[in-house]
Amino acid sequence: MPSILRAQPTTVTDFDAQGSDALFVRAAARAMQVLSAFHQAAGPLSLSEIAANAGLDRSASQRIVHTLVTLGYLRRSADNRGYLPGLRILDNTLDLLRLDPLVQKATPVLLELRKTVRERVDLSLFDETRVIYALRLQSKRETFYATLVGHSVPSFCTAGGRAALSALPDDKVREIITRTPRENFTSKTVTDIDQLMQIIAQVRSDGFCLLWDEFVPGEVVIGVAVGPHGQPPLGAIHVAGSLSEWTPERFRDTVAPLTMEAARAINDSL
């Protein structure tokens, strides 16, 4: 999956919006902006590029970059011409994954699901306009981007995203879709809001989302929402196969019941 398919993360860019919040620390927000400057980067960034991406002046960026390098959250690139995220960020990633209740409860369930379906099984965390992969269990078809924890994809055109959206009230779903950049990832991507609302209503009725060729050509995916009963979704299970091996109907009939059973087991444990 090419990097351009990554969904745009939400960042804090308007410090004035928090002007009435006495507890909001602008210096901490600026440091987060500098770290967020790498979200769409294809390689090391210069100080000027960091400043531009972060929406900060060069002087402020220089001080923040120096501090983050000193602390190990940024590092110089091998050619010493730019900066990259530092190893300390992986410590924070580990903390998120090991302490997140959904990841804790879902991991053993999804390992068993992967053994049964023998296809790629992912767990994503719901972030409204996007879902973020927190667990990725690969099949025989492996690509670099399909192995990365932290990779995010849009909710409106992915099976897990639509499944998670279906667990929300219609007015909230429409609000999220309306503010989502809806681009055509393939010739079959649905972007019309009313049509998407109809699809998500069907997902809500079925209890799962079946999707193929809308986000990744040649891929068929089942998505099922996960989260405590009666509460907003925490994320979704995705199971992905190849259309060269499955018809959408056979994939639905084979994989959907197993995925829904796994979701029930996770939900009951939360």
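Predicted model: local features only at pLDDT ≥ 70, side-chain atom pairs only at ≥ 80, totals over all residues.
Colleague: How are α1 and α3 oriented to each other?
Modeller: The axes of α1 (residues 26-36) and α3 (residues 58-71) come within 10 Å. They cross at roughly 80°. Angles of 65 to 115 degrees count as roughly perpendicular. The two helices, α1 and α3, are therefore roughly perpendicular.

Colleague: Which residues of α3 meet α1, and how do the residues of the contact divide?
Modeller: From α1 come Arg 30, Ala 31, Val 34 and Leu 35. They meet Ile 64, Val 65 and Leu 68 in α3. The contact divides into 6 nonpolar, no polar and 1 charged.

Colleague: Which elements each supply at least two residues of the largest nonpolar core?
Modeller: This core has 26 residues. Leu 110, Leu 113, Val 121, Leu 123, Ile 237 and Val 239 have the most contacts inside it. Each of these elements supplies at least two core residues: α5, β3, β4, β7, β8 and α9.

Colleague: How many residues are in the second, separate core?
Modeller: Its members include Val 131, Leu 168, Ile 193 and Ile 200. The count for this second core is 19 residues.

Colleague: Is Arg 162 buried or exposed?
Modeller: Arg 162 lies in helix α6 (residues 159-165). Leaving aside neighbours within four places in sequence, its contacts include Phe 156, Val 190, Ile 200, Leu 211 and Glu 214. Buried means under 20% relative accessible area. Arg 162 has a relative accessible area of 1%, so it is buried.

How values were computed. Residues numbered from 1 in each chain as written. Heavy atoms only, no water. Axes fitted to C-alpha atoms, helices over the stretch in contact; angles between N-to-C directions. Helix = DSSP H or I, 4+ residues; strand = E, 2+ residues; numbered from the N terminus. Parallel < 35°, antiparallel > 145°, perpendicular 65-115°, else oblique. Contact = heavy atoms within 4.5 Å. Nonpolar A, V, L, I, M, F, W, Y, C, P; charged D, E, K, R; others polar. Core = buried A, V, L, I, M, F, W, Y, C linked by side-chain atoms within 4.5 Å. Buried < 20%, exposed > 50% of the residue type's maximum accessible area, 1.4 Å probe, protein only.
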